[in-house]
There are 2 protein chains.
Amino acid sequence: MRAQAGAEEDMNKDTRLSDVLHVLLHMGQLHEPLTSDVLARSMGTNPAVFRRMMAGLRDAGHVTSGKGHGGGWQLARPLSEITLLSVYVALGRPTLFAIGNRSDNPACLVQKNVNAALADTMVQAEALFLARFGEVTLDTLMPDAPVPLTVHGGGPG
Amino acid sequence: MRAQAGAEEDMNKDTRLSDVLHVLLHMGQLHEPLTSDVLARSMGTNPAVFRRMMAGLRDAGHVTSGKGHGGGWQLARPLSEITLLSVYVALGRPTLFAIGNRSDNPACLVQKNVNAALADTMVQAEALFLARFGEVTLDTLMPDAPVPLTVHGGGPG
DNA sequence: ATTTCATGTAACAGATGTTGATACGTGACT
DNA sequence: AGTCACGTATCAACATCTGTTACATGAAAT
């Protein structure tokens with residue numbers, strides 16, 4: 001489950017959305033297939049993890065992947081036609097919140113009220129997330145100047 | 001870190017806020033000291049975990065704890081003077097979100113833009129949480145009818 | 001004064017769950 | 001054919017939280 005001690009910064013964050021967006025933007029700059037090996041390195045992980053992460057985007061039709069010589073990953077449509085929301089959904093709608101209820105004890109009115117209060121706020125916060133994600137197309141995240149693709153932590157990239 | 005496969009329901013939620021609220025409401029109904037043993041059982045855990053969880057609330061002055069015979073836990077002020085926000089803060093402001101950035105590579109403009117976009121939404125969502133938490137005093141969560149305190153899962157409680 | 005009760009805290013073990021690594025099968029291009 | 005790259009299953013490594021136990025401290029009862 002989650003923290004018990006401090007508040008600080010949980011290092012237990014799902015970084016897939018951030019990771020995938022990062023890669024997609026780079027793919028939007030280079031218009032040739034890039035291999036899992038290269039792209040995985042750019043996000044500081046390995047090819048198998050990368051493929052696993054991108055499977056949903058491929059299924060959603062945001063990117064295409066090809067085997068063999070000259071194979072690799074490419075955008076299937078321009079960044080202007082991909083919303084942050086659609087990427088989030090393609091990843092399988094990863095859990096947004098780190099808090100929740102231990103269990104739904106429906107017989108306890110107190111528990112019921114508490115759950116409702118928290119759930120109510122979480123529903124609103126989730127709606128906020130989805131609304132804003134839906135407004136953002138990936139081209140708007142592109143820096144003005146082209147950015148070179150390099151290995152994670154090895155300089156600009 | 002977090003999920004990679006499905007989306008479903010992460011069972012890895014921090015339930016402390018929900019747990020603590022549950023207990024505080026029960027304490028608001030019974031006006032006598034209750035032991036860690038009893039209260040822990042009502043949330044389905046054990047006394048040590050309970051004390052660890054309540055330490056912040058005691059330090060914040062929301063509850064008092066006493067040792068020895070007749071000792072235990074009591075509210076230090078009426079529920080109407082305790083906001084959901086103050087409870088959240090007393091717990092150490094547990095992490096709200098399950099998503100984040102893998103790392104802040106400040107040299108990568110793409111990464112920078114992605115992080116900013118996500119962070120912006122998260123800041124707004126957090127503000128929403130805190131605003132709503134701040135509006136809720138615990139007495140408003142109290143069911144109209146008194147609720148008996150029983151063991152977790154053992155019926156109403 | 002001693003005994004009993006209950007908290008306060010530290011320390012450790014167990015469980016859970018995610019990421020990373022490896023291996024192997026499949027298809028495509030040379 | 002041979003090489004390249006993806007697709008996926010499986011396993012190990014790692015991190016983190018919860019649950020448990022143990023023990024010291026302090027208060028009330030006998």
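What percentage of the 157 residues in chain A is buried? Buried residues make up 35% of them, a residue being buried if 20 or more other C-beta atoms, placed from the backbone, lie within 10 Å of its own. The model on screen is predicted, so that local features need pLDDT of at least 70 and side-chain atom pairs count only at pLDDT 80 or more, while totals for chains, interfaces and linings use all residues. Residues are numbered from 1 along each chain as its sequence is written, and chains are lettered from A in the order in which they are written.

Select chain A and follow the sequence through the pattern α-α-α-β-β-α-α, which comes to five helices and two strands, these being DSSP runs (H or I, at least four residues, for helices; E, at least two, for strands).

Next, select helix H5 (residues 109-135) of chain A together with helix H1 (residues 16-27) of chain B, whose axes come within 9 Å and cross at roughly 135°. To display the contact (C-beta atoms, placed from the backbone, within 7 Å), pick Val110(A), Gln111(A), Val114(A), Asn115(A) and Leu118(A) on H5(A), and on H1(B) residues including Leu17(B), Leu21(B) and Leu25(B).

Finally, select Val20(B), which touches Met53(B), Leu57(B), Val87(B) and Leu91(B), not counting residues up to four places away in sequence. Val20(B) is also one of the residues that touch the most other members among the 70 residues in the largest nonpolar core, a set of buried Ala, Val, Leu, Ile, Met, Phe, Trp, Tyr and Cys residues joined through C-beta atoms within 7 Å.

Terms used
Axes fitted to C-alpha atoms, helices over the stretch in contact; angles between N-to-C directions. Contact = placed C-beta atoms within 7 Å. Buried ≥ 20, exposed ≤ 12 C-beta atoms within 10 Å, placed from the backbone.
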